[in-house]
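Please examine the sequence and the model shown here before reading on.

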Amino acid sequence: MESGRFKALAVVMALAAAAGLLWLLLGRPGMNGGSEERRGGARPAPVEVAEIERGPIELRRTFSGTLEAQAKFVVAPKVSGRIERLAVDLGDEVRRGQVVAELDNDEYKQAVAQARAELEVARANLSEARSALATAGRGFDRVETLRERGVASEAQLDAARAEHLAKQAQLEVAQAQVSRAEAALETANIRLGYTKITADWTSGDGRRVVAERYANQGETVSANTPLMLIVELDPITGVFFVTERDYAKMKPGQPVSLSTDAFPGEEFQGLIDRIAPVFRQETRQARVEVTVDNPKWRLKPGMFIRATVVLELVAEATIVPEQALVTRDGRAGVFVLDEDGPTVRWRDVRVGILDGGRAQVEGEGLAGRVVTLGQQLVDDGSAVSVSGGEGDGAGAPQ
């Protein structure tokens, strides 16, 4: 038992002696790295750098949205009836004023014929009333002459006058009946015309396309029942929503670049047309509408889009890679490589526009090259060894 403990203690002491010898050989001042420490203190930190640029930079925002038809026209009959024919169907092109559907018109033709007959009766009554008035007029004149001669009495003259006035009234009634019959005939003709349903939109492009069909041939529909939806595709409207942060930088006429999954790699250009003056309470966002030319009707309502807008442009800015930005003690800054030696200096910066990995910065002493990798290894005045990229080997200690 005692001999075993003695052997274990001997092994531990031997390992401790070996560790001490290794420390003397590798870690003791004057051995291996000692010459480097005597020459320059701590070893230079390996970093990568990039040039600080001067040039334009843009603040871009990309919003998700959808396409909508700029104008919609719902085709609906003004009278009830059975659909006898649908002239167009889903996806068909429609011209302004084109007949798109017809209703069974037998009943309306009969109404026209009846109104025309009633008009003829009214005109006959008018002719009769005119004749009766003329007869009464001659009788009144004759009695009036006899009264002047003393042959007819005053009562006879009054009766003749009353008869003449009655015939005048009957003539006026007959004339009114003719006017009413003419109006009834016109109404019947108009209702007959309504059995041919036309696409009569008033503004925009003269050609559109059938987007939806709600009824089928042979169905009986009532007045104002939607039959189909016709939409305008050129131009088309892109719609997206913005938050308060970007709202103030939007204005009508601002260019917008749109892309959609239907045409990968292709961009469509548009202009902001309308900006909502209020924010939706549910989302705290405002609606923005973009007008996009669509001459070949490639873009369709309902497509998902990504709308990119340039909100701000700085023509001459100091630009560094975004990965060069560092936050130390709550301050933003970068490490700039000294031109005279292999050291870096901390520079406080104010960060502006961020665009695709590039950052606009403002501050003092921003020239030359900036550290983009290895910032966690350095402080203000630290020695560095530049490696990688265009600066490979530059700034290495001599």
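Which residues does aspartate 355 touch, not counting residues up to four places away in sequence? Aspartate 355 touches Ile57, Glu58 and Arg60, where contact means heavy atoms within 4.5 Å. Its place is in strand β17 (residues 350-355), strands being DSSP runs of E of at least two residues and helices runs of H or I of at least four, numbered from the N terminus. Aspartate 355 is buried, with a relative accessible area of 19%; buried means under 20% (1.4 Å probe, protein chains only).

The model is predicted: local features need pLDDT of at least 70 and side-chain atom pairs pLDDT 80 or more, while totals for chains, interfaces and linings use all residues. Residues are numbered from 1 along each chain as its sequence is written, and side-chain values use heavy atoms, without hydrogens and water.

A nonpolar core is a set of buried Ala, Val, Leu, Ile, Met, Phe, Trp, Tyr and Cys residues joined through side-chain atoms within 4.5 Å. In the largest one, of 27 residues, Phe240, Met250, Leu258 and Leu299 touch the most other members.

The largest share, seven residues, comes from β13. A second, separate core of 20 residues includes Val75, Val94, Leu103 and Val210. Leaving aside neighbours within four places in sequence, leucine 258 is in contact with residues including Leu67, Phe268 and Val290.

Notes
Buried < 20%, exposed > 50% of the residue type's maximum accessible area, 1.4 Å probe, protein only.
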